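Here are some friendly notes to read alongside the model. Please keep the 3D view open and look up each residue as you go.

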Amino acid sequence: MTRSKKLCIMLAALLIVASGATAAVKMAQNSAETETGQTILAVDSEAVSSLSWTYNGEEMTFDRSDENWQYTEDAEFPLDEDYIQTMLSTLSEVVSYRTIEDSNDLEQYGLEEPVCQIEVSLSEENEKGQTETETVSLSIGSESSMGGRRYISIGDGNVYMVDSSVLDSFSYQLLDVVEKDEIPSMTETSGFTIETDEQTMDIDFMEESGLAYSDEYIWFLNEDGEYTALDTDLTYDLFDMTAAMVWDDCVDYKASENLGTYGLDDPAATVTVEYTDMVQTDTGETDEDGETVYETEKVEKTFVLEIGDYTGDYCYARVAGSDIVCLIDASIADAVMYADPEDLLPDEILAIDWDDVTGADISLDGTTYHFEKVEEEVTDDEGNTSEETVWEMDGEETDIQTVLDSLTEMASAGSEDDIYSRGEVQISFVFYQDSENFPEVTLDFYRYDSDSCLVSLNGEMRLLAPKDSVDTVIEDFNLLIAG
């Protein structure tokens, strides 16, 4: 028996061998009330030479050429073959849970005008070297009142009730099965650029750069070589809008001559990401088991996303140079097109690394107090010695940690542009740290209004702090020096 004789439409008991074509058809005289699952269709995917389906009024046919599939109407169509494989997998075993025999009333089952019509062409050489072909048809009708089941017909006069997932595998139109451009994994990046009609924002990613008083800052706005530290979380969020983006529907796969239709002839925004990809290359050598030896190397790559016009809750976008235009969520376009460097500035009052701090001067009411961080040898009850870091003032150990914790935990009360001090300094700090570029970090709090104090960090005045939080720091420090 040839393979195509295994391509069969099956019910349980009676075998009828079809003439002409090589497929076998099995039909049974089962009761219309049969509820046990029975395989009624089993298609060998290896023998399928053509697959077509009609859904939402659109008919699509794909032919197999060697091991590849192509759209009959356009050989250049960028097909995502995973969809075809899923469809063939579904047809490899279609199970019926109920049989309605010799039904002439197809309308009540939604089969007069099927939701989806499927045809599969099967070809194989017979023992004489001749190619034999047959066509298997399947119509999908309405959903049953039981839920989770649909009525189908395979052309044998019966109506079958099958799992609704059969339709799920075929509920696609042409643009749904386009293989969309890959969005690469960009977990390792050196930075990104956002270009709009209003501005070009160049953001670099640099760890332990020495460009800020704290190494906690790893994103920097680059303005002609002048670097400004940015808020880590906010900048990551903006970066992820592109790096973690997913495509929505494809709207065109031949868009090169119609870019103006989508606002992509002159994009509203262009995002360029510089990233590092890990690439495996064949060394031409084999290991002791004869397996090919590969070498992994880092390759610098660039990903460019172009964003066009809005359309409802979405926006048109493409990978630069691609003919494939897809939709992206409008929130992505909003974040990119209206990104403002001012909105990305840090809002931490102080983000210093205390491990790098070696000492501090704190000034209050005209008096400056000096503190040193020292390593002290301590011995436990069992006589074991170890090094412990302590703060000292005038050679005496002091508990300054409460004050430092209050500074670290202090939240911003917002920021303003072009603000200036309106009163006297309430309390001042100078932190000395083991840093070549930032050996000193100055932090001053000025009275601003009844609710806020102005923060000056290394001379930059932008942030406000809640007055009651500053008052708490002052109270804690007064208790410290009084004790």
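1. Some terms come before the tour. Contact means heavy atoms within 4.5 Å. Helices (H or I, at least four residues) and strands (E, at least two) are DSSP runs, numbered from the N terminus. Axes are lines fitted to C-alpha atoms, for helices over the stretch in contact, and angles run from 0 to 180 degrees between N-to-C directions. With that in hand, find helix H5 (residues 401–409): this helix lies across strand E24 (385–393), strand E26 (425–433) and strand E27 (440–447), and runs at about 100 degrees to E26.

2. A word on the model itself. The model is predicted, with local features needing pLDDT of at least 70 and side-chain atom pairs counting only at pLDDT 80 or more, while totals for chains, interfaces and linings use all residues. Residues are numbered from 1 along each chain as its sequence is written, and side-chain values use heavy atoms, leaving out hydrogens and water.

3. Now look at the sheet. Eight strands make up an open sheet with antiparallel pairing, in the order E25-E24-E23-E22-E26-E27-E28-E29; two strands pair if DSSP finds at least two bridges between them. Strand E25 (396–398) and strand E29 (460–466) are at the edges with a single partner strand each, so one side of each has no neighbour in the sheet. From one strand to the next, the twist averages 30 degrees.

4. Follow E22 into E23. Strand E22 (residues 357–364) and strand E23 (residues 367–379) run antiparallel and are joined by six bridges. Ile362 stands opposite Tyr369 in E23, and Gly359 has Glu372 in E23 as its bridge partner. Two residues lie between the strands of this hairpin, where Asp365 takes a positive phi near 55 degrees.

5. Go on from E23 to E24. These antiparallel strands are joined by eight bridges, and Val378 stands opposite Ser386 in E24. Their hairpin has five residues between the strands, and Gly383 in the turn has a positive phi of about 90 degrees.

6. Which residues have the most contacts inside the largest nonpolar core? They are Leu51, Trp53, Phe62, Leu91 and Ile118, in a core of 74 residues. A nonpolar core is a set of buried Ala, Val, Leu, Ile, Met, Phe, Trp, Tyr and Cys residues joined through side-chain atoms within 4.5 Å. Buried means under 20% relative accessible area, exposed over 50%, and partly exposed in between (1.4 Å probe, protein chains only). A second, separate core has 38 residues, including Ala229, Leu350, Ile427 and Leu443.

7. Rings of Phe, Tyr and Trp (its six-membered ring) pair if their centres lie within 6.5 Å; planes under 30 degrees apart count as stacked, over 60 as edge-to-face and the rest as tilted. This rule gives 21 aromatic pairs. Trp53 and Phe170 have ring centres 6.4 Å apart and planes at 70 degrees, so their pair is edge-to-face. Trp53 sits in strand E5 (residues 48–55) and Phe170 in the loop between helix H2 (165–168) and strand E13 (189–196), 117 residues apart. Trp53 is buried, at 0% relative accessibility, and Phe170 is buried at 0% as well.

8. Phe429 lies in strand E26 and Phe445 in strand E27, so the pair ties together parts 16 residues apart in sequence.
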